[in-house]
Amino acid sequence: MRQKIAVLGPGSWGTALAKVLVENGHDVTIWGHNPEQLVEINDSHTNHHYLPDIALPEGLKANADLKTCVSGADAILFVVPTKAIRSVSKQLVEVMDTKPVIIHASKGLEQGTHLRISEILKDEIGDKCKDVVVLSGPSHAEEVAVKDITTITAASEDLKYAEYVQSIFMNDYFRIYTNTDVIGVETGAALKNIIALGSGAIHGLGFGDNAKAAIMTRGLAEISRLGVAMGADPLTFIGLSGVGDLIVTCTSIHSRNWRAGDLLGKGHNLDEILENMGMIVEGVSTTKAAYELAAELNVEMPITTAIYDVLYNNQDVKVAAKNIMLRDGRSEVEF
């Protein structure tokens, strides 16, 4: 069934997901602020800054007016940075004229409150929507845009809405699995960006595959510990939104968090890295939120702590790596 869908955020991932939806036969409008970018999407059917050399469907529309974009929408997809989720939600409730399914494909924790994104959306939108569904998993926008085979997860506490999202997105190259563990899916999505910073730093320091495997494996243990303390199902972390997303984010130059970590490892200044990246590096702010949340919940996260010290306490990356290696010995299965 053809659905009317508004996509909030014309970055690489928002544009790639909008492309999938249009190609699946849906009526899609993408919302953003940059007039030149929106004209380019409408007239040239490209978004070169975020997806170079990708031709967008002519049916994809772009508009700077939020009310126009969401008018009559069956579903509204958030793909904006975590720090913008609450402010955009406040704008949205003022102009919605339907009770849509809210979907989000953003990854992070809110600064200060440490809330997951679905919690922010429910805070602001509440009973004005049917439900909030999380869309997450191992997926580079650049690969989805060229129809590389991709599998991700749609999670909702109410399975029928996860199945709805599955139905509007699935096709022969983009496969969606459903899940009801929203906490686990969101936690895995947010925290893997921290480990990707560390994985990039390991590469930048010149270490090899042994070190990369170590940080990913022990990073997954940290993610699981915090997620379970928050109420997640531990099995979620061996799925697409856990180990799957961790692998793709920690091993690819497409990952902006990996690239930022790589530059840190090579001795570049964090402010300089963020200024030149051209896109939000969610792992930087998520590291701070996760570090604080782990302290609140009394969860040990040595890799996250080390990355926090590098980012916020100006600790040398080499010193941070050495300190982790010199921690007291313990059992691998200690939880």
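**Strands, cores and an annotated lysine**

Modeller: Strand 1 (residues 4–8) and strand 2 (residues 27–31) run parallel and are joined by 5 bridges. Helices (H or I, at least four residues) and strands (E, at least two) are DSSP runs, numbered from the N terminus. This is a predicted model, in which local features need pLDDT of at least 70 and side-chain atom pairs count only at pLDDT 80 or more, while totals for chains, interfaces and linings use all residues. Residues are numbered from 1 along each chain as its sequence is written, and side-chain values use heavy atoms, with hydrogens and water left out.

Biologist: Which residue in strand 2 is the bridge partner of Val7?

Modeller: The partner of Val7 there is Ile30.

Biologist: And what is the strand order in the open sheet?

Modeller: The sheet has 8 strands in the order 3-2-1-4-5-6-7-8, with mixed pairing. Strand 3 (61–63) and strand 8 (174–179) are the edge strands, each pairing on one side only; two strands pair if DSSP finds at least two bridges between them. From one strand to the next, the twist averages 25°.

Biologist: Which strands does helix 1 lie across?

Modeller: Helix 1 (residues 12–23) lies across strand 1, strand 2, strand 4 (75–78), strand 6 (131–136) and strand 8, and runs at about 165° to strand 2. Helix 10 (residues 240–250) lies across strand 6, strand 7 (150–155) and strand 8, at about 145° to strand 7. Axes are lines fitted to C-alpha atoms, for helices over the stretch in contact, and angles run from 0 to 180 degrees between N-to-C directions.

Biologist: Which residues have the most contacts inside the largest nonpolar core?

Modeller: They are Leu135, Phe169 and Phe174, in a core of 40 residues. Helix 1 contributes the largest share of this core, 7 residues. Apart from it lies another core, of 34 residues, among them Ala190, Leu191, Leu197 and Leu270. A nonpolar core is a set of buried Ala, Val, Leu, Ile, Met, Phe, Trp, Tyr and Cys residues joined through side-chain atoms within 4.5 Å.

Biologist: What is Leu135 in contact with, leaving aside its neighbours within four places in sequence?

Modeller: The list includes Leu17, Ile103, Ile152, Val165, Phe169 and Ile176. Contact means heavy atoms within 4.5 Å.

Biologist: Changing topic, which residue does UniProt list for "active site"?

Modeller: The unreviewed UniProt entry lists Lys192. UniProt positions are given in the numbering used here, feature names are shortened, and annotations may be inferred rather than shown by experiment. Lys192 is in helix 8 (residues 182–204).

Biologist: Is Lys192 buried or exposed?

Modeller: Lys192 counts as buried because its relative accessibility is 6%. Buried means under 20% relative accessible area, exposed over 50%, and partly exposed in between (1.4 Å probe, protein chains only). Leaving aside neighbours within four places in sequence, Lys192 is in contact with Lys107, Ile223, Asp245, Leu246 and Thr249.
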